[in-house]
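Here is a short report on a protein core and its pockets. Look over the sequence and the fold first.

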Amino acid sequence: MGNYALYQMGPVHFGMSPVEVAAIIGEPEFADEDVGYLREYRAIDVPIIVYENDMVTEIEAFQEVTNVIFRGKRSFEEPGLEILRYLEQENGGASVNVGTILFKNIGITSSFLDQSDGSDRSVTAFAKGLRDDRSSRFKERSFKSG
């Protein structure tokens, strides 16, 4: 799977194996596993890592993860609506489904970045092609002002 210009969330990147990830950020506290699928959870301030066929395909961070950066913009340190507008611009549009905002062209989803209380704010970087089969469920939405 190819990479997008993904979020910087530390040294973990697409294509790494669970063993490689564990050597960098430690063993998971717990995991969900199914045939060909693994989702690892660590401390609240460490990204959630998802694998398909033993290769990282998703890196998810909640607001407790520091230095979550996409092309110079800090997702949890700048106003959420500003980040959504920036991602929309970089992606060439945005679409929404049940609280998840998809920026398919740049390989990012987000949740609740525009919420004023900041609870449950998250971003997920995903490998190219991973969301292709689900994108039809999303409806176009704009966060541009005016």
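Buried means under 20% relative accessible area, exposed over 50%, and partly exposed in between (1.4 Å probe, protein chains only). At 10% relative accessibility, Glu58 therefore counts as buried. Glu58 sits in strand β4; strands (E, at least two residues) and helices (H or I, at least four) are DSSP runs, numbered from the N terminus. Its contacts (heavy atoms within 4.5 Å), leaving aside neighbours within four places in sequence, include Phe14, Val50, Thr124 and Arg131.

This is a predicted model: local features need pLDDT of at least 70, side-chain atom pairs count only at pLDDT 80 or more, and totals for chains, interfaces and linings use all residues. Residues are numbered from 1 along each chain as its sequence is written, and side-chain values use heavy atoms, without hydrogens and water.

A nonpolar core is a set of buried Ala, Val, Leu, Ile, Met, Phe, Trp, Tyr and Cys residues joined through side-chain atoms within 4.5 Å. The largest one has 29 residues, and Val56 and Phe103 have the most contacts inside it. α2 gives the largest share of this core, four residues.

Now the pockets. On a 1 Å grid over the protein atoms alone, a pocket is an open set of points where a 1.4 Å probe fits, with protein on both sides within 12 Å along at least five of seven lines; lining residues have an atom within 4 Å of a point. A volume is the space filled by probe spheres set on the points, which are joined across faces, edges and corners.

| Pocket | Volume |
|---|---|
| Largest pocket | About 250 Å³ |
| Second largest pocket | About 160 Å³ |

β9 gives the most to the lining of the largest pocket, with three residues. Phe103 also lines the second largest pocket.
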